[in-house]
Amino acid sequence: MSDRRPRAAWRRSPAEPPATAASPSPEPPADRPSVMQAGLYRDGHRVSSPATLAETFRQLREHPDGMAWIGLQRPTEQELHSLAAEFDLHELAVEDAMEAHQRPKLERYGSTLFVVLRAARYLDAQEEVEFGELHVFVGPDFLITVRHGAAPDLSTVRRRMEKDPELLALGPEAVLYAILDAVVDGYAPVVAGVQNDIDEIETEVFGGDPAVSRRIYELSREMVEFQRATRPLVGMLHALMAGFAKYGTDEELQRYLRDVADHVTHTSERVDGFRQALTDILTVNATLVTQQQNAEMRALAEAGFEQNEEIKKISSWAAILFAPTLVGTIYGMNFDNMPELHWAGGYPFAVLLMAVVCTSLYVVFKRRDWL
């Protein structure tokens, strides 16, 4: 970082009111293919708003004591190559900015600092966390932001900085810290929304909601992504703080950065806690589901056992009643040449035979607890 900028006392501004007519226009909508917002600043005040990159380059050359703040969203390859040629940006950093989908990181290429940030916002209606990606090039007299996604809202950062000329006069490093602060502050609503979701999930788990497992899984995946966005920031901010003395960072900016680092550490710890809580909830839910399934299987087994007992009783009585039916059927056949057909004791014998067979079967089934 260059320390040719005037040093002034810096204070953290409170929440900014809505933009007035003199405020710069908001960042363009995200659904356009390529958008740009540029401003040239001198001593903390905007002196011009170039409409094109070429005009921005020309005015910055005419005013070497100024600072260019260029905001791009989903830029074209030609635009990035134009910036790289003008500000001598490293080709690897430019390639990362074009491709996006980078992890949060901080790299220094000569006098230029390249920072990748992952912003997040909570969508209450869908109960989802939406992530955006922001690439920042910080040089001695310029700051370039390349945004992929709807978050963060950098127009708010620009308005805040323009309403605090003393802060803006500190140069590109002050803008970088303001952007870091905006990204980290954007994590707070996400943390609150996720905490509310976890509370609801706990209620659903113990209420026996069958759809809660899917909700736990989806929220766990979002927490993995959230963790990837926040955890590297801790190391990045400590790396910036380690370069305070070497690059002559203003003392007030040092306090600002330490405050942002504290917020990032707190957020990272909360996200780690959320992941652990979701893991525990998933374990508890699996245990409850297993217990419920065991109870259902036990009830089915008991119903099957009772059904089996009834079947055994019915089968036993059917066998007992089948024996006299068999004897009666045989002796009921009207053939002339049947043994004992004209025997005087045939009828008592048949009755006695049926009684003995039925009694024997009853005793056998009774001993086996079928009756």
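Modeller: Asp88 is exposed, because its relative accessible area is 66% (exposed means over 50%, buried under 20% and partly exposed in between, with a 1.4 Å probe and protein chains only). The model is a predicted one, in which local features need pLDDT of at least 70, side-chain atom pairs count only at pLDDT 80 or more, and totals for chains, interfaces and linings use all residues. Residues are numbered from 1 along each chain as its sequence is written, and side-chain values use heavy atoms, with hydrogens and water left out.

Asp88 lies in the loop that joins α2 (77-87) to α3 (91-99). Helices (H or I, at least four residues) and strands (E, at least two) are DSSP runs numbered from the N terminus. The backbone of Asp88 deserves attention: its phi is positive, about 55°, although Asp88 is not a glycine. Most residues other than glycine have a negative phi.

Asp43 sits in the loop between β1 (35-42) and β2 (45-48). With a relative accessible area of 55%, Asp43 is exposed.

Of its 371 residues, 41% count as buried. Among the contacts in the chain with a separation of 6 or more, 68% are accounted for by residues 24 or more positions apart; contact here means heavy atoms within 4.5 Å.

One pair of helices shows such packing in detail. Two packed helices are described by the angle between their axes and the distance between the axes. The axes of α6 (residues 172-185) and α7 (residues 187-207) come within 4 Å and cross at roughly 10°. Axes are lines fitted to C-alpha atoms, for helices over the stretch in contact, and angles run from 0 to 180 degrees between N-to-C directions. The crossing makes α6 roughly parallel to α7 (under 35 degrees; over 145 is roughly antiparallel, 65 to 115 roughly perpendicular and the rest oblique). On the α6 side the contact is made by Val183, Val184 and Asp185, and on the α7 side by Tyr187, Ala188 and Pro189. These residues divide into five nonpolar, no polar and one charged (Ala, Val, Leu, Ile, Met, Phe, Trp, Tyr, Cys and Pro count as nonpolar, Asp, Glu, Lys and Arg as charged, and the others, Gly among them, as polar).
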